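This briefing is meant for a reader who is meeting the structure for the first time. Please look over the sequence and the model before turning to the points that follow.

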Amino acid sequence: MQRDGSNTIASGDLYLHHIPSFWPWPGPIPQPWPIFPVAEPNPSNGIPIFARGRYRYYLSVTQILEGFTIANSFTLGFEMHRFDLATRTWTNEGAFTALMTWTTAPPGYPSTADFLTGEVKNGSGAVVGALTMGWVSAYLRRAVVEIDRVSVSEAPLDNGTGVDWLTIFDQIGWDVDVLESNSNVTEPSGESWSDAELHAGMLAWRDSVNLDQEWRYHVLCVRRLDSTSRGIMYDAYGTDSNNVPREGCGISSHWIIPNTNTWGLVAGLRFGTATGPYFRTALHETGHAAGLYHNTVDLGIMNTTDVIAAGAVPPVQFPNNIQWSFAPDDKKRLRHMPDVWVRPGGIPFGSSYSTAPISPDDLVAEAKGIELRVSPLLESVPIGAPVRISFRLVNTTKEALPIPSSLSMKSGHVRGKVIDPSGSMRTFSPIVRCLEEETLNFLGPGSSATYSVTLLRGGQGALFPSPGAYRVLVDVMWDVAGSPLRVRGETSVMVTQTVDEAHAAAARRILATPDSLVVLVVGGDHLKDGVDAINAGLSHPVLRPHFAFVEAKRLAKRFGKRKADWKAVADLVDETTVMSQAEVKRLAELARDAEKEAPRESVQWVSKMLRRYVDTTSADEDTATLVRSL
Amino acid sequence: MERDPAETKEQLRRLFIGVWRKVSNTTCSRIYPDRLEFDARGTYAGRKSGELEFSFWDSGGFELLTETQVKISTANDAEIVYEYSLSKTELVFTDQHGCVIHYRRAM
């Protein structure tokens, strides 16, 4: 069981852990059937490990005690998913409940008070069995990571700044022992290893292990790899010659990191000397061995090194943008996916997550009395243009209600999803997060607060990559007294076709250039690819109005030796410029703060355009006051 | 006059960039993503229609080696070389097992 704030998730794995050695019974069946002692694992030994072949059920817990009770029992609700070893599939055998009652633990349990028993009832209320639960460990799972290496390869033990295997696995509740074993592994055929050689090397050099008694992941550190640059989870597909999948992985210490800007502070280094990225690769490949796939939702461990390196937002350089944790959904998988999914020698790499059960999250409470009304600034935009979304929090009650003091994307309270015409979903969340203490403001009865967000790319790439009708779902989440609240709103937007080949080329350039989002959000002359992509948009009359503000914002500020260029800003901004209210306010602030050297007539032109905006739309009072003061 | 190979490769790389939708419907092509996006940084994202479905090409790097070969990093981080043919609207891969995976430009 795991509690994260007020989100409680629990799951269970049931193994057949006693088969009488004298079955089948020799001779006539005795009546009554004798009671035989069941060979229970010793609870004082902590988390028990059972044989893979005896795995039977996954329990997806749907109801559990959330807080405190003065009663001596609570109702546990769960679904039982039966695992078929032959087909590696699960069958949901239905919903069950058990009234779990606290009782004194038998001898050997670490906590005598944390022991419960209960009768299990099926959906019809019939008693079908009994369930016993006793606390054995603060950890959820336990494993061993064995590291073997050729003598000239480094052992990936930590990131060089205090984060090690225990740090990472403590985050997910795994009790991990890291064993540096052989440091003299011999190379079978030169410095570079094939996948088959890695597998054979693992079998030859790994300490004696029984995967039915221990979850042991093997990391083999070698100079170079035949089939990849940095690391590989080789124990999959045809390389899994012993049909025991996901036992280990290999990493390369002597790959030379390309000497390009993308690689930031480690450009040109030998990989084994780039301590952080090298360690990250070992974690990443071990994540694959634990059944995880690549995950681009953030810069966490299961994202790929090249995507993370390319995703560094200046002034931060790779590897300082590495996120030293698994993504939230991967954390949940490592904690709560069935044992056979994550343990070495279980289900082969390459099955879809959707084939396995996993316990649900707690429901986040909806913030009653607050509505989130979402609307696009424009109901249709041309392909390649960003989509500007306004969202308004409305207090529909007669009392003041707490909402976050800021709902900019940087505040971290806003995220969402975009669903394309084919039903595929992509997510968006802040690319820059301001880690300030969360403050709440009170929204008066009947009052509203309006914000906006400009969408172009998300964790999975372009959010609006092709023409058609899209749904945009926006979630605003915040905590009040430790309880998570959420409001959700939805809108739709139409993305229209390209009008000519030049439009198509410009749109492709913008949507396929990740830095175009960075320029859109934070600006910066140094993001040459992004600036060029934005200029490609500006060069086409259909896209120009949608990108004019982005370029104007960049040019209205000095950058390095370049002074603010208000003449260029004035050339960009006209009656057709598409701007959200937040963007109008931002440009007004820049105009207000324009240096004395800025050409007066240029600043006045921009102010005139902003006043036109305020006069013709329902801008909020702050924005209107600011613009009229220019 | 012969074209500079580097220039040709750069033109091909730019043509790779964008979003592609799979049109193949063969058994062998099922492990490949339904949607592929190659970006200007040399990275790609591949997705199946179902959010939690496994894709052999899910995320990582790609590198054009020649006018007919591209190296793509795969779900377990193996970097595999594929034959490809490319036009403005069609991108066809052939994997090491002879499976042909046909994509059409979505954008």
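In this predicted model, residues 24 or more positions apart account for 31% of those contacts in chain B that have a separation of 6 or more. Of the 107 residues of chain B, 40% count as buried.

**Fold of chain B**
- The secondary structure of chain B consists of one helix and eight strands, and along the sequence these elements follow the pattern α-β-β-β-β-β-β-β-β.
- Chain B has a radius of gyration of 13 Å, close to the 13 Å that the globule rule gives for 107 residues, so it is as compact as a globular protein of that length.
- Taken along the principal axes, the box filled by the C-alpha atoms of chain B is roughly 50 × 25 × 25 Å.

**Where chain B touches chain A**
- On the side of chain B, 30 residues are in contact with 39 residues of chain A.
- The elements of chain B that give two or more residues to this side are β1 (18-22), β2 (35-38), β3 (43-47) and β4 (59-64).
- By class, the side of chain B that touches chain A holds eleven nonpolar, nine polar and ten charged residues.

**A helix pair in chain A**
- Helix α13 (residues 600-616) of chain A packs with helix α14 (residues 621-628) of chain A at an angle of about 145 degrees, their axes lying 9 Å apart, and the crossing of α13(A) past α14(A) is left-handed.
- From α13(A), the contact is made by Leu610(A), Arg611(A) and Val614(A), while α14(A) contributes Thr623(A), Ala624(A), Val627(A) and Arg628(A).
- The residues of this contact between α13(A) and α14(A) divide into four nonpolar, one polar and two charged.

Note on methods. Residues numbered from 1 in each chain as written. Chains lettered and ligands numbered in written order. Predicted model: local features only at pLDDT ≥ 70, side-chain atom pairs only at ≥ 80, totals over all residues. Contact = placed C-beta atoms within 7 Å. Helix = DSSP H or I, 4+ residues; strand = E, 2+ residues; numbered from the N terminus. Nonpolar A, V, L, I, M, F, W, Y, C, P; charged D, E, K, R; others polar. Rg over C-alpha atoms; globule rule 2.2 N^0.38 Å. Buried ≥ 20, exposed ≤ 12 C-beta atoms within 10 Å, placed from the backbone. Axes fitted to C-alpha atoms, helices over the stretch in contact; angles between N-to-C directions. Left-handed = near helix turned anticlockwise from the far one by under 90°.
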